[in-house]
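Here are my notes on the model you sent over. Have the viewer open while you read.

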Amino acid sequence: MRIISGKYKGKRLTAPKKLPVRPTTDMAKEALFNILTNRFYFDELKVLDLFSGTGNISFEFASRGTDRITAVDGHQGCVRYISKTAQELDFSITTVKSDVFKFLQRVPEKFDLIFADPPYDFDTEQFLKIADLVFEKELLLEDGLLIIEHSEQTDLSEHPKFSEQRKYGGSIFSFFEVE
C-alpha cells in the first residue's frame, strides 16, 4: 500500500503478511479522498477509523494534515502495526484494540468523519448496525459523515441516513449523513 498525497506522498508501507486484512485499494482510496478533498479541510477533521486493519485510511488522513485520528481494530497485530508506523512517521493516531461494536457503544467523543471498512463477508445487518450505532449514539459532529466500505453484494441504501454510494472496482463506499 502507498500513501497517495500529503506529507508522505508516494511512500510505500508494507504491513506484515500475517495480518487478517483486505486493505482499500489505492485506486479506491484515491477516488474517495478526491471526494473528501472537495468537502473538508483535513487539518480541521476529527476522524474515527473503524476496522482499521493496516491503518491505510488513517495514514492517508495523517499525511494530509489530520492530527486527531482514532484507529480501532480488534486484532492486536493490526493495532501494533498502526501504532509502530504512526510513531515512525510522527503521525498523531490513537490506536484502540477493541471490538468495534463495543467501542461504538461506549465512545464518549464525536467525530467529523467516521470511516468503517468491516470484513466484506459481514451480513447486511452487521453493516447496518454500524450506521445504527453511529446515529443512535450521535457520534457525528454537525455536518459529519459516515462512510462504510463494502462489496457490491451488500446494499445499504435503505438506511434512513443513507445519502449516496460510489463504486470503485470491487469496492463500494456508502455515505451516511445527519439530516
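1. Ground rules. This is a predicted model, with local features needing pLDDT of at least 70 and side-chain atom pairs counting only at pLDDT 80 or more, while totals for chains, interfaces and linings use all residues. Numbering starts from 1 along each chain as its sequence is written, and side-chain values use heavy atoms, with hydrogens and water left out.

2. Overall make-up. The protein chain has five helices and seven strands; these are DSSP runs numbered from the N terminus, helices being H or I with at least four residues and strands E with at least two. Read from the N terminus, the order is α-β-α-β-α-β-α-β-α-β-β-β. The radius of gyration is 15 Å, close to the 16 Å that the globule rule gives for 179 residues, so the chain is as compact as a globular protein of that length. (The radius is taken over C-alpha atoms, and the rule is 2.2 Å times the number of residues to the power 0.38.)

3. Of the 179 residues in the protein chain, 53% are buried, meaning under 20% relative accessible area, with exposed over 50% and partly exposed in between (1.4 Å probe, protein chains only). Take the contacts (heavy atoms within 4.5 Å) between residues at least 6 apart in sequence: 67% of them join residues at least 24 apart.

4. Strand β1. What pairs with β1? Strand β2 (residues 68-73) does, in the parallel sense over five bridges, and so does strand β4 (residues 111-116), also parallel, over four bridges. Pairing here takes at least two DSSP bridges between the strands. For landmarks, look for Lys-46 opposite Arg-68 in β2 and Leu-50 opposite Ala-116 in β4.

5. Cover on β1. All five residues of β1 (46-50) are buried. That goes for both faces: Lys-46, Leu-48 and Leu-50 sit on one side, Val-47 and Asp-49 on the other. Worth a look in the viewer, given the Lys and the Asp in that list.

6. The crossover. β1, helix α2 (residues 56-63) and β2 form a right-handed β-α-β unit; with the strands pointing away from the viewer, the path from the first strand over the helix to the second runs clockwise.

7. Phe-61. This residue lies in helix α2 and counts as buried because its relative accessibility is 1%. Beyond neighbours within four places in sequence, its contacts include Val-47, Ile-69 and Leu-113. Phe-61 and Lys-46 are 15 residues apart in sequence, with 9.9 Å from C-alpha to C-alpha.
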